[in-house]
Amino acid sequence: SHLKNIIHGIPKAELHLHIEGSFEPELMFEIASRNNIALDHDSIASLRKAYNFNNLQEFLNLYYIGAQVLIHERDFFDLTWAYLRKVHSQNVVHVEVFFDPQTHTDRGIGFDVVINGIYKALEKAKQELNISFKLIMSYLRHLSEEEAFKTLQSSLPYKHWIDGVGLDSSEMGNPPSKFVNVFEASAYHGYKLVAHAGEEGPEDYIWEALDLLKVVRIDHGNRCLGDDALVQRLREGNIPLTLCPLSNVELKVIQKMEDHPVAKMLDKGILATIHSDDPAYFGGYMNENYYETAKALNLNKNQLMQLAINAFKASWLSHETKEKHI
Ligand code: ES4
Ligand code: ZN
């Protein structure tokens, strides 16, 4: 269709993507088989059928189970390479990828195994697909701050490969304030800071991410529109919101795509951007997220271009490289 052609034609930046959430059932079965691991489902179709979530936690439960088949460096490489080939086919030219070290180190997998596999695939994509990248290590917020500190320590030998830290997993009951010290220490080591906030959680969590953690971007931030002072802060501070519309519908953060706040956010001058979060679980990569949002909210070409430009502005590319994309 015309709309799909427009969306495909726009060079895009992906800033909110959990690499473990790009694990397609086909590849999951393949890796499970070669690692001699049995999955709870006997077919790809039956696994996909289980992808039906009432909230964030129901999704996370399956996401952590799926990640358990990743054992060897090659597994992390294959996962990341499959994702990069997929987004290359969608005209995505820059990615900032989250990984969750604790999901793996808690199962006895070495930090080095995880990051070597992911990083080598990113390097290959840079060489062969001309995709630029940043890498973001995310702390699991359902675990303690002390556990996050251990992860920070494990990351230090690799800090030249890691651009920033994030905060993800179960939001309710795990406010940003729980991680003030480890975020401060992460900044001390040179990491840029982002956090998931206001996905299921309240506006307060967005304030905490800004004022206590001192993040430079908010992942999601859906809930900000109820607070005028917060909207003003986001706009005047040029704080990007990395929104994930299909994720929001699948996790019942909103009832239907027509309710998505992204158009209102653009109208209010917020630096809103669109991304895919966990594309293997939520039914779409970047182009599908743009398409479903554009269709439901009647976005015009200018708005779509604005969203794509915003993502390059919000990225961690150098000023000169941003200019080339914008
Ligand atoms: C996540 Cl959608 C979402 N929210 C919070 N944490 C996550 N980890 C992976 N996907
Ligand atoms: Zn996310």
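Strands β3 and β4 (residues 164-168) run parallel and are joined by five bridges. This is a predicted model. M137 stands opposite V165 in β4.

- Eight strands form an open sheet with parallel pairing. Their order is β1-β2-β3-β4-β5-β6-β7-β8.
- Which strands stand at the edges? They are β1 (12-18) and β8 (272-274). Each has a single partner strand, so one side of each is left without a neighbour in the sheet.
- On average, neighbouring strands of this sheet are turned by 25° against each other, direction ignored.
- Helix α16 (residues 301-314) packs on the sheet. The helix touches β1, β6 (217-220) and β8. The direction of α16 makes about 105° with that of β8.
- In general, strands of a sheet pair through backbone hydrogen bonds, either parallel or antiparallel.

**Strands β2 and β3**

- How many bridges join β2 (residues 92-99) to β3 (residues 132-140)? There are six, and the two strands run parallel.
- V95 stands opposite F133 in β3.
- F98 has I136 in β3 as its bridge partner.

**The nonpolar core**

- The largest nonpolar core has 90 residues. I118 and A209 have the most contacts inside this core.
- Which helix gives the most to this core? Helix α7 (residues 111-129) does, with seven residues.
- A209 is in contact with P176, A195, A197, V215 and I218, leaving aside its neighbours within four places in sequence.
- In soluble globular proteins, nonpolar side chains tend to be buried together.

**Y119, a residue of helix α7**

- Y119 lies in helix α7.
- Is Y119 buried or exposed? Y119 counts as buried, because 21 C-beta neighbours lie inside 10 Å. The cut-off for a buried residue is 20 or more.
- Leaving aside neighbours within four places in sequence, Y119 is in contact with L135 and W161.
- Y119 and A148 are 29 residues apart in sequence. In space, they are 21 Å apart, C-alpha to C-alpha.

**Two loop residues with positive phi**

- N91 is found in the loop between α5 (73-88) and β2. Phi of N91 is near 65°, a positive value in a residue other than glycine.
- N91 has 15 other C-beta atoms within 10 Å, so N91 is partly exposed.
- K214 sits in the loop between α10 (203-213) and β6. Phi of K214 is near 65°, again a positive value in a residue other than glycine.
- K214 is also partly exposed, because 13 other C-beta atoms lie within 10 Å.
- Why do N91 and K214 both fall in this class? Partly exposed residues lie between the two limits: 20 or more such atoms for buried, 12 or fewer for exposed. The count is 15 for N91 and 13 for K214.

**Around ligand 1**

- Which residues are around ligand 1? They are H18, G21, L56, Y63, D168, S169, H196, E199, S247, D277 and D278.
- By class, this shell has two nonpolar, five polar and four charged residues.
- H18 belongs to this shell, and residue 18 ends the range of edge strand β1 (12-18).
- D168 is also one of the residues around ligand 1. Strand β4 covers residues 164-168.

Technical notes
Residues numbered from 1 in each chain as written. Chains lettered and ligands numbered in written order. Predicted model: local features only at pLDDT ≥ 70, side-chain atom pairs only at ≥ 80, totals over all residues. Core = buried A, V, L, I, M, F, W, Y, C linked by C-beta atoms within 7 Å. Helix = DSSP H or I, 4+ residues; strand = E, 2+ residues; numbered from the N terminus. Contact = placed C-beta atoms within 7 Å. Near = placed C-beta within 6 Å. Nonpolar A, V, L, I, M, F, W, Y, C, P; charged D, E, K, R; others polar. Pairing = 2+ DSSP bridges. Axes fitted to C-alpha atoms, helices over the stretch in contact; angles between N-to-C directions.
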